[in-house]
Amino acid sequence: MMKAMMTAAIAALSLSAPATAAVSILGGGLGHDCYLAAEASAPGKADLDACNRALNEEAQSAVDRAATFVNRGILHMQSKSLNAAIADFDAAIKTRPETAEAYVNKGIALIHLGNHDRDAVEQLTAGLARNPSRPEIAYYVRGIANEQLGATKEAYEDYSRAVALKPGWADPAEQLQRFAVKKKATAGV
């Protein structure tokens, strides 16, 4: 039953907003077009082409190049090309290791890949340490991974933190409804 609920949580993650954390690129150009595509709900082939062209044809700063890798990785993830997404997130990390969203999105991709929960927790924790723009996403997904690992207390804390950061987001609130908090009796009290 718990595994089925977690599978439902993972499926909801791919359908609910916010599900990923795109990285903004200011100004115009193909890099900005790639960012807009990553923020869209139903990207197409032309969107991926804009990202490819941005990486291959535009002179970009390390910040914008890492952001474009993250955004293209999101497009790959949305099209279920998880290994290509992970490769892009790794390229973003290599280009600019402080890019929090690369770690957060890699964690999301690892959860979708399956059987990579420990690695996902590690990536999401690394992303949180770098102050992502949408930390609630990282806490929510890390909650899913922790729960799948049997780390119930940590999962509860992550879901709670996601709700605190984004009170109107139903998914982590729904996950919290499944928990019952019990106080332990202490010796000598």
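Start by selecting helix H3 (45-57) and helix H4 (62-78): both are among what covers the buried residues of H2. Here contact means heavy atoms within 4.5 Å, buried means under 20% relative accessible area, exposed over 50%, and partly exposed in between (1.4 Å probe, protein chains only). Helices are DSSP runs (H or I, at least four residues), numbered from the N terminus.

A word on the source: this is a predicted model, where local features need pLDDT of at least 70, side-chain atom pairs count only at pLDDT 80 or more, and totals for chains, interfaces and linings use all residues. Residues are numbered from 1 along each chain as its sequence is written, and side-chain values use heavy atoms, with hydrogens and water left out.

Now pick helix H2 itself (residues 30-39), where Leu30, Gly31, Cys34, Tyr35, Ala37 and Ala38 are the buried ones. They sit on the same side of H2 because they cover an arc of only 160 degrees around the axis, taken from the directions from the helix axis to the C-beta atoms.

Next, show Glu39 and Arg134: they form a salt bridge, with the closest N and O atoms 3.2 Å apart. (That's a side-chain nitrogen of Lys or Arg within 4 Å of a carboxyl oxygen of Asp or Glu.) Glu39 is in helix H2 and Arg134 in the loop between helix H7 (117-129) and helix H8 (135-148), 95 residues apart.

Last stop: Arg142 and Asp158, another salt bridge, at 2.7 Å between the closest N and O atoms. Buried or exposed, Arg142 and Asp158? Both are buried.

Key
Helices (H or I, at least four residues) and strands (E, at least two) are DSSP runs, numbered from the N terminus.
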